[in-house]
Amino acid sequence: MTSATVLNYWRAGLPDVPDEVWRHPRLEVLLLPDNALARLPARLGTLTALRTLDLGHNQLTSMPREIGDLTALSDFLYLHDNRLTALPDELGRLTRLAYLNVGENRLTALPDTLGGLAGLVELRAQHNRLASLPDALGGLRSLRELWLRGNALTSLPDTVRHLGALRELELRENAFTTVPEALRGLPLLRRVDLRANRLRELPRWLAELPSLEKLDLRWNEVRDDDPTVAALRARDCVVLR
């Protein structure tokens, strides 16, 4: 069966990638979620026709550098709910990738090569150990959704101001004491979730974001009489309590 383009091993109890996978060099979709994978062979890089790769809910502690050889990945790369502490720089070679989920890992940093993901539309890095983000994040000019819940972030890089396509931003459960200045003027930003941070006041420019539809500020210390809150209430786009 050398013509298979999709292989699905969801919840198959696998400790390793099955040998059958390597018999399908033109494989386009490989699904291996909810198994017991602890490592991936460098041979993964030979699957150069892959468009989607799902490795979520496993026990991976690292990714092989050969992940960068999968330059046809254009749809989804799921790496969430593993034990990853770092991502290889070669990840930045996946210039066509649209969706990347590295949430629920043990990442303390994202690689500087992240900016190479020119086609990325959605990035999920929630529930990691990130205290900062690379300046390269600003290179993701196609990015529409950014999910960063449950990290240790206190700021965003100034380069975020270049994310002109950004629409959804989740910063819930971090350590922000001020709304990041980098968000100022983002033309398409519609929804911002800042729940459970350490905010006490809001900048006036926040009420001037042209596309803002919902700003969630619950479980912060922002006062009802904050002048920016009043301006946002006039637009019916703020949740405070």
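The largest nonpolar core of this predicted model has 75 residues, and those with the most contacts inside it are Leu30 and Leu53. A nonpolar core here is a set of buried Ala, Val, Leu, Ile, Met, Phe, Trp, Tyr and Cys residues joined through side-chain atoms within 4.5 Å, where buried means under 20% relative accessible area, exposed means over 50%, and partly exposed lies in between, with a 1.4 Å probe and protein chains only. Residues are numbered from 1 along each chain as its sequence is written, and side-chain values use heavy atoms, with hydrogens and water left out. Because the model is predicted, local features need pLDDT of at least 70 and side-chain atom pairs count only at pLDDT 80 or more, whereas totals for chains, interfaces and linings use all residues.

**Core and chain**

- Leucine 30 is in contact (heavy atoms within 4.5 Å) with Leu7, Tyr9, Val21, Leu47, Leu50, Thr52, Leu53 and Asp54, leaving aside its neighbours within four places in sequence.
- Of the 241 residues in the protein chain, 51% are buried.
- The protein chain comes to 1 helix and 11 strands, where helices (H or I, at least four residues) and strands (E, at least two) are DSSP runs numbered from the N terminus.
- The C-alpha trace of the protein chain spans about 65 × 30 × 25 Å along its principal axes.
- Among contacts in the protein chain with a separation of 6 or more, 27% are between residues 24 or more positions apart.

**Asparagine 105**

- Asparagine 105 lies in the loop between β5 (99–101) and β6 (122–124), and with a relative accessible area of 6% asparagine 105 is buried.
- A polar atom of the side chain of asparagine 105 lies 3.0 Å from the backbone oxygen of leucine 79, and the side chain of asparagine 105 also reaches the backbone oxygen of glycine 103 at 3.1 Å.
- Leaving aside neighbours within four places in sequence, the residues in contact with asparagine 105 include Leu79, Asp81, Arg83 and His127.

**Glutamate 173**

- Glutamate 173 is found in the loop between β8 (168–170) and β9 (191–193), and is partly exposed because its relative accessible area is 27%.
- Not counting residues up to four places away in sequence, glutamate 173 touches His127, Arg149, Gly150, Asn151, Arg195, Ala196 and Asn197.
- Glutamate 173 and leucine 146 are 27 residues apart in sequence, and their C-alpha atoms are 14 Å apart in space.

Terms used. Polar contact = N/O pair within 3.5 Å; in protein donor to acceptor, adjacent residues only side chain to side chain.
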